[in-house]
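Below are questions and answers about one protein chain. The structure comes before them.

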Amino acid sequence: MSFRKVVRQSKFRHVFGQPVKNDQCYEDIRVSRVTWDSTFCAVNPKFLAVIVEASGGGAFLVLPLSKTGRIDKAYPTVCGHTGPVLDIDWCPHNDEVIASGSEDCTVMVWQIPENGLVSPLTEPVVVLEGHTKRVGIVTWHPTARNVLLSAGCDNVVLIWNVGTAEELYRLDSLHPDLIYNVSWNHNGSLFCSACKDKSVRIIDPRRGTLVAEREKAHEGARPMRAIFLADGKVFTTGFSRMSERQLALWDPENLEEPMALQELDSSNGALLPFYDPDTSVVYVCGKGDSSIRYFEITDEPPYIHFLNTFTSKEPQRGMGSMPKRGLEVSKCEIARFYKLHERKCEPIVMTVPRKSDLFQDDLYPDTAGPEAALEAEEWVSGRDADPILISLREAYVPSKHRDLKVSRRNVLSDSRPAMAPGSTRLGASTPAASTNTTTASSSLAGAGESGKLEEVMQELRALRVLVKEQGERIGRLEEQLGRMENGDA
């Protein structure tokens with residue numbers, strides 16, 4: 001008599017979520033009330049950033065991860081925007097650089113001091129001006145250094161080289177309506193977008209062409225989301241015609257029918273998907289929900305496998321997700337979310353229960369590290385590269401401190417050979433990107449570097465003197481010892 005296997009085998013079947021203790025939360029944060037479906041939160045292995053309420057402009061809070069507990073009302077913010085901040089994103093290749101998009105139609109890129117803010121930060125490293133309406137989406141390229149994508153309510157997608165403050169590509173004819181979200185693929189050669197016209201599009205930004213499009217991916221009128229998975233498939237969340245929330249998986253080679261379509265419930269909050277390419281697990285958080293559902297994506301039908309649900313009492317206003325290199329591998333932590341409440345941010349740890357204390361190879365394959373695989377000019381010239389992977393076996397070691405430098409082009413005299421090879425200015429009619437760096441600041445940076453070098457040299461000289469003194473002392477002691485031994489004899 002054969003028994004059919006009812007339960008699917010999966011190492012993530014028993015993943016459980018657990019909020020941290022109260023003293024490890026970030027209390028008294030006035031989370032932004034702006035009506036926009038972004039996550040309002042971004043996190044990396046060094047800092048937590050949260051968009052907050054601000055009078056007379058837009059601001060976000062940047063806290064070192066260790067600064068838990070109650071946050072003082074006078075704690076400094078990043079407050080250079082003149083309108084509310086709508087979206088923020090940490091640079092994947094520099095843990096101290098963050099981009100922000102705002103209702104003031106600008107994108108700003110900020111360098112956060114190594115130990116966090118001690119005074120309000122009002123001067124960005126660079127201001128990128130090109131949108132005519134509010135900027136609701138900013139997202140960094142996964143593998144090319146200093147390449148940033150922004151999308152605004154003018155239905156335009158702009159791609160910038162932050163290192164030179166120039167606009168690389170302007171895609172203004174591909175979206176007829178409001179863009180809900182944008183997601184790069186694994187190596188950054190394509191991106192997918194979800195739009196208010198109910199279409200999901202796959203776009204080649206360098207050619208400015210539409211690779212594939214699926215109209216009415218979800219038939220409901222409420223906001224959708226689309227993200228690329230590591231194998232090139234597209235995962236979407238949206239609503240049915242009857243306003244039921246849905247998940248779907250699509251093969252870009254054939255967008256006629258979804259590979260899988262699941263209906264969840266009939267709540268009205270937009271579903272925000274968070275994807276972990278190392279484990280192929282998608283975490284789905286609804287705005288206004290008090291739960292996080294997670295699903296494993298596999299190659300066998302039904303492709304989307306429900307794993308479990310983390311539930312809590314408080315609804316979430318937003319959510320941030322820690323990159324894999326910021327997790328505690330010794331505790332078998334496979335994800336950590338930063339859940340925004342009305343007045344606080346609460347970390348939630350997702351763990352796979354394991355009895356062994358050894359490093360779990362199957363949970364932690366090599367993951368994307370902080371080094372960029374390409375320079376911006378190489379990507380513009382047509383090259384693609386997968387992320388440079390690092391092992392988590394020795395637990396992640398932070399990359400060395402590196403400032404973001406912006407070299408502003410001299411647009412008045414194009415005849416001067418000051419341009420970097422392979423990065424010509426595209427289109428004379430592009431709106432100028434303004435930058436606040438000056439030659440004075442660059443010379444200051446140079447002076448700072450030479451000062452650091454002098455410090456190191458002084459330390460080295462002091463060490464040499466110390467070693468010499470110790471050598472002489474050892475010699476004297478050996479002589480004394482020899483005399484004593486001879487006397488004894």
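Q: How many of the residues of strand 4 are buried?
A: This is a predicted model, in which local features need pLDDT of at least 70, side-chain atom pairs count only at pLDDT 80 or more, and totals for chains, interfaces and linings use all residues. Residues are numbered from 1 along each chain as its sequence is written, and side-chain values use heavy atoms, with hydrogens and water left out. Strands (E, at least two residues) and helices (H or I, at least four) are DSSP runs numbered from the N terminus, and buried means under 20% relative accessible area, exposed over 50%, partly exposed in between, with a 1.4 Å probe and protein chains only. Strand 4 is largely enclosed by the rest of the structure, because the buried count is six of six.

Q: Which residues of strand 4 point the other way from F47, A49 and I51?
A: In a regular strand the side chains alternate between the two faces of the sheet. In strand 4, both sets are buried, and opposite F47, A49 and I51 the set is L48, V50 and V52.

Q: How many bridges join strand 4 to strand 5?
A: Two strands pair if DSSP finds at least two bridges between them. Strand 3 (residues 41-43) runs antiparallel to strand 4 and is joined to it by three bridges, with A42 the partner of A49. On strand 5 (residues 58-64), P64 stands opposite F47. Strand 5 also runs antiparallel to strand 4, and the number of bridges between these two is six.

Q: Which residue in the turn between strand 4 and strand 5 has a positive phi?
A: Strand 3 and strand 4 form a hairpin with three residues between them. The hairpin of strand 4 and strand 5 has five residues between the strands, and the residue with a phi of about 70° is G56.

Q: Is H341 buried or exposed?
A: H341 lies in the loop between strand 29 (333-340) and strand 30 (344-351). Leaving aside neighbours within four places in sequence, its contacts are V31, E314, P315, R317 and E346. At a relative accessible area of 7%, H341 is buried.

Q: What percentage of the 489 residues in the chain is buried?
A: The chain has two helices and 33 strands. Among contacts between residues at least 6 apart in sequence, 53% join residues at least 24 apart. The buried share of the chain is 51%.

Methods
Contact means heavy atoms within 4.5 Å.
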